[in-house]
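Reader: I would like to go through the labels used for this model and see what each one rests on. Please set each value against its cut-off.

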Amino acid sequence: MKKRHIKKVAVIGSGIMGSGIACHFANIGVEVLLLDIVPRELNKQEETKGLTLENKVVRNRIVNDSLKLTLKSKPSPIYNQKFASRISTGNLEDDLYKIKDVDWIIEVVIERLDIKQQVFENIEKYRKEGTLITSNTSGIPIQFMNKGRSEDFQKHFAVTHFFNPPRYLKLFEVVPGPNCNQEVTDFLMMYGEKYLGKTSVLAKDTPAFIGNRIGIFGIMSMFHTVKELGLTIEEVDKLTGPVIGRPKSATFRTVDIVGLDTLVHTANGVADNCPNDEMHDSFVLPDFVNKMMENKWLGSKTKQGFYKKTVDNKGKKQILGIDLNTLEYRAPEKVKFATLGMTKTIDKVIDRFKVLVKGKDKAGKFYRKTFSAMFAYIQNRIPEISDELYRIDDAMKAGFGWEHGPFQIWDAIGIEAGIEMMKTEGYKPSDWITEMLEKGNTSFYTIKEGAKYYYDIPSKSYIKIPGQDAFIILDNIREAKTIWSNAEASIEHLGDGVLNIEFQSKMNTIGGGVLQAINKGIDLAEQEYEAVILGNQAANFSVGANLAMAFMLAIEQEYDELAMATKMFQDTVMRLRYSSVPTLITPRGMTFGGACEMSMHVDKVVATAETYTGLVEFGVGIIPAGAGTKEITKRVSDLWIKDDVKLNRLRDAFINIAMAKVATSAHEAYDLGYYQKGKDIVVVNADRQIATAKRYAIQMLEDGYTQPTPQKVKVLGQQVLGMFLVGTDSLEKGLYASEHDKKIANKLGYIMAGGNLSEPTEVSEQYLLDLEREATLSLLTERKTLERIEHTLKTGKPLRN
C-alpha cells in the first residue's frame with residue numbers, strides 16, 4: 001500500500017474551530033487552504049470604499065476576518081506568528097477547486113446536517129480519489145453525513161473531533177465511518193498522536209462520542225448534586241479544581257468560558273438521542289440553567305454567567321458569583337472545608353481521593369455522591385461508547401484537563417470501596433465488575449515490566465495498552481529503574497547507559513538536593529554509564545531556583561552561604577556544558593529562571609512545543625545568576641557579525657531579560673535566543689519527549705561525542721555599557737522604570753558589557769560568572785529586592801517598587 005503523506009490540508013469553515021485547526025496544522029509545518037462562504041451583502045466599510053460583491057477582498061472577507069480574529073486571540077493558537085504564512089485563504093465559490101491538490105479535507109462548518117451534506121456534495125466534485133475527508137462534527141451521525149456519497153468518499157471518511165482550542169486541548173477523537181478503510185482509521189490515529197501531538201482516542205459513532213458524553217454527564221450530574229447539598233458555586237469550584245487534579249477553572253468557571261449554551265446544546269443532544277440511557281434524568285436541565293438561558297447569561301461571551309465581573313464606585317474590580325437559589329449576583333464567598341484541610345500534606349493528587357471521600361462534612365458528602373454517580377455511569381458505557389476502558393480515561397484527561405481519568409480515580413479509592421460508596425448512593429455495580437473481582441482482579445490497571453496494562457472485559461484478562469513502545473513513562477519505570485535518590489530528585493537508568501535525572505521537589509524548584517542529583521548523575525555517567533538527561537513528566541518542568549531558600553539566607557544575612565549556593569548553582573550549570581558525556585534536557589510547560597539557564601548549557605534541548613521558558617529573575621529584583629546572563633552575552637558574542645550590529649543584538653537581549661520575557665512556545669524560544677536552531681529540537685507530543693531525548697543521546701555517542709572545551713567571550717566594555725546606562729536613565733525619567741528597576745538594569749548592563757572595560761576584550765566565561773554572582777549578592781542585600789521576593793513568594797506575582 002502506498003505510504004500516505006500530509007503536505008497540504010484544506011479546512012472548510014473558518015469559525016473559531018476551523019481557524020484554530022488551520023493554525024495547528026500550520027504549527028506543525030503543513031500548508032493549509034482555509035475556505036469559507038462568500039458574503040451576501042457589503043458591510044459599511046466596503047460600501048464607503050465603493051467595492052462590489054464581485055471584489056476579491058469582499059468575497060474573502062469572512063474567511064480573512066475570521067482568521068485575523070483567531071490569530072489575535074489569547075492564548076495564541078499559533079506557536080509563532082510567522083507560521084501564519086503557511087495558511088492561504090479563499091472562498092467556497094472561487095477556490096473550492098483547489099482541494100484537488102490537498103491530501104486531507106477537514107469539514108468544520110455549522111452543525112446542520114443539510115449544510116454539511118451540501119458541502120460534501122460540492123467537495124466531491126473536486127476531491128481526488130484517495131484523499132482523506134473528515135468532519136469535526138461533535139455529534140451528527142456519520143451514516144447521515146456521507147449518505148449518497150461515492151464508494152471512495154465513504155472509504156476515506158471519518159470524524160476527527162478536535163477539542164477547542166485545538167492547539168492546547170490534546171483530545172483527538174477518531175470515529176471511523178461504517179465503510180471507512182481500516183488503513184484510514186489507523187493513519188488518523190497515528191497522525192493525531194505523532195504529528196499533531198494529540199491523544200488519539202478511537203470512539204464509536206454514538207451521541208457526543210466519549211469525551212463530551214462522560215464530561216457533560218459529570219457536569220450535569222454535579223448541577224443536580226449542588227442543589228441537593230446546598231453548595232455555592234465557589235464551594236464547588238474549590239472542590240473540583242486543582243485539589244483533584246482538574247484545571248483552576250474547575251466547573252462553573254469552565255462553563256462560563258465554554259459558554260452555557262454550548263453545554264446545554266450538548267446535554268440536550270444526549271438527552272434527545274439516548275432515551276435509554278439509565279442516567280437520562282441527569283441530562284434534564286435544572287431550573288437555574290433554564291432561567292440563565294432565558295436571561296442570556298451564557299458566560300464570558302455575554303459578560304455574565306455563573307460569575308460576573310464588576311467595577312465598584314471606587315474603580316475596584318470585583319468578580320461576583322451567582323446565588324443558585326435567588327439567581328442574584330453577590331460578593332464572592334470564602335470557602336473552607338475540613339476535608340480539604342486533610343489533604344494539604346498530600347502532594348500527589350492520586351493519593352488524595354481516598355482521603356476526600358472519607359470526609360465528614362459537606363465536601364466529603366459531595367465527593368461520595370459525585371464519584372459514585374461517575375463510577376456508576378462509566379461502568380455502563382462499555383461497550384456502548386468504547387470497547388476499552390482506558391480510552392474513557394484518555395478522553396477525560398486529554399479533553400477536559402483531568403490529571404486522572406475516572407477509572408484511575410476508582411482504582412485510587414479502591415474498586416471495592418467504590419462499590420460500597422455506590423451502593424450507599426443507590427447504584428449497583430455492573431456484572432463485568434462483579435465478575436472481575438470474583439476472579440481476583442482488584443484493579444482496572446496494572447504495571448508489568450515498565451508497561452501499563454488495562455483490564456479487558458471480553459477476554460477477562462489484562463492487556464498491554466497499545467502505543468507505549470514509542471514512549472518512556474517515568475511513572476511506569478520509576479520503582480524498578482531508580483538507581484539513586486534523595487528528597488528532591490531521583491536518577492533512573494533508562495537503558496543503554498542513558499540516565500535520567502528527575503526533579504521531584506515542590507514545583508520542581510532547583511535547590512541543593514536537585515543540584516546534588518545533577519552532579520551525582522554526571523559522576524555516574526562519566527564513571528559507569530554513558531549520557532545524562534534532565535527530564536520529568538510534570539505539567540511544568542521547573543519554576544527555577546528555590547527562591548524561598550535564597551530569601552531566607554538573605555533575611556538572615558548568611559551572605560557567605562548565599563555566595564556558596566550561587567557558586568554551586570553556576571558550577572553545576574557549567575558542568576552540564578563541559579562534562580565528558582552528552583547532556584540533554586526535556587523542558588515542558590513552565591521552564592523558568594534556573595531551568596532556562598540549564599537548557600542553555602546542555603548539549604541538546606528536546607522541548608515540547610508547549611514550553612514556556614524565560615529568564616524571569618528581573619521580576620523578583622535580581623538578575624539571572626545561574627550562568628544565564630553570561631550565556632546570553634556569549635551567544636551574541638559568538639555571532640559572526642560586526643560590533644555595531646552586535647550592539648543592537650545585545651540591546652535586544654538586554655530588553656528581553658529586563659522585561660523578564662517568556663517565550664509562549666518552544667518555537668518562540670528560538671527567537672528569544674534561549675534555544676538554538678540546528679542544535680535544539682521541538683517535539684509536538686510530550687509523551688514522546690524523553691524517548692526522543694534518549695534516542696538523540698545514543699546517536700551522539702555513536703557519532704563519537706567529544707567533550708567541549710571552554711571558549712573566550714568577546715565583550716564590548718564601555719562601548720555598550722554607555723548605551724545601557726543612557727537607556728535605563730531615560731526609562732526612569734520617563735517613569736517607565738522605578739529607581740530600583742534602574743539599579744537592577746544597570747547591574748545587568750554592567751555584566752553584559754563585561755564591566756567598565758575601555759575597549760572590546762576577550763574574557764573567560766568564569767569572569768562573567770563572577771560578575772553575575774557579585775551583582776546578585778549585592779541586590780540581595782537591598783530591602784526593595786527582599787520586598788519583591790517576599791511578595792512573589794506570597795502571591796506568585798512580581799512586585800514593582
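Author: L499 lies in strand 17 (residues 498-503), where strands are DSSP runs of E with at least two residues, helices are runs of H or I with at least four, and both are numbered from the N terminus. The model is predicted, so local features need pLDDT of at least 70 and side-chain atom pairs count only at pLDDT 80 or more, while totals for chains, interfaces and linings use all residues. Residues are numbered from 1 along each chain as its sequence is written, and side-chain values use heavy atoms, with hydrogens and water left out.

Reader: Why does L499 count as buried?

Author: Buried means under 20% relative accessible area, exposed means over 50%, and partly exposed is in between, with a 1.4 Å probe and protein chains only. L499 has 0% relative accessibility, so L499 counts as buried.

Reader: Which residues is L499 in contact with, leaving aside its neighbours within four places in sequence?

Author: Contact means heavy atoms within 4.5 Å. On that basis L499 is in contact with I483, I491, E492, H493, G521, L524, A525, Y529, A531, V532 and I533. For A525, the C-alpha to C-alpha separation from L499 is 7.2 Å, at 26 residues apart in sequence.

Reader: What makes K116 buried?

Author: K116 has a relative accessible area of 1%, and therefore is buried. K116 sits in helix 5 (residues 113-126). Not counting residues up to four places away in sequence, K116 touches E107, V109, I110, E111, S135, T137, I140 and M145.

Reader: How do you know whether R391 is buried or exposed?

Author: The relative accessibility of R391 is 11%, so R391 counts as buried. R391 belongs to helix 17 (residues 389-400), and its contacts, with neighbours within four places in sequence left aside, are M189, V201, L202, I210 and S386.

Reader: What makes helix 1 roughly perpendicular to helix 4?

Author: The axes of helix 1 (residues 16-27) and helix 4 (residues 61-72) come within 9 Å and cross at roughly 65 degrees. That angle makes the pair roughly perpendicular, since angles of 65 to 115 degrees count as roughly perpendicular, under 35 as roughly parallel, over 145 as roughly antiparallel and the rest as oblique. Axes are lines fitted to C-alpha atoms, for helices over the stretch in contact, and angles run from 0 to 180 degrees between N-to-C directions. The contact is made by S19, G20 and C23 of helix 1 and S66, L67, T70 and L71 of helix 4.

Reader: Why are strand 12 and strand 14 said to stand at the edges?

Author: The open sheet has 3 strands in the order 12-13-14, with antiparallel pairing. Two strands pair if DSSP finds at least two bridges between them. Strand 12 (445-448) and strand 14 (461-464) each have a single partner strand, so one side of each is left without a neighbour in the sheet. Strand 13 (residues 451-456) pairs with strand 14 over 4 bridges, and Y455 stands opposite Y462 in strand 14.
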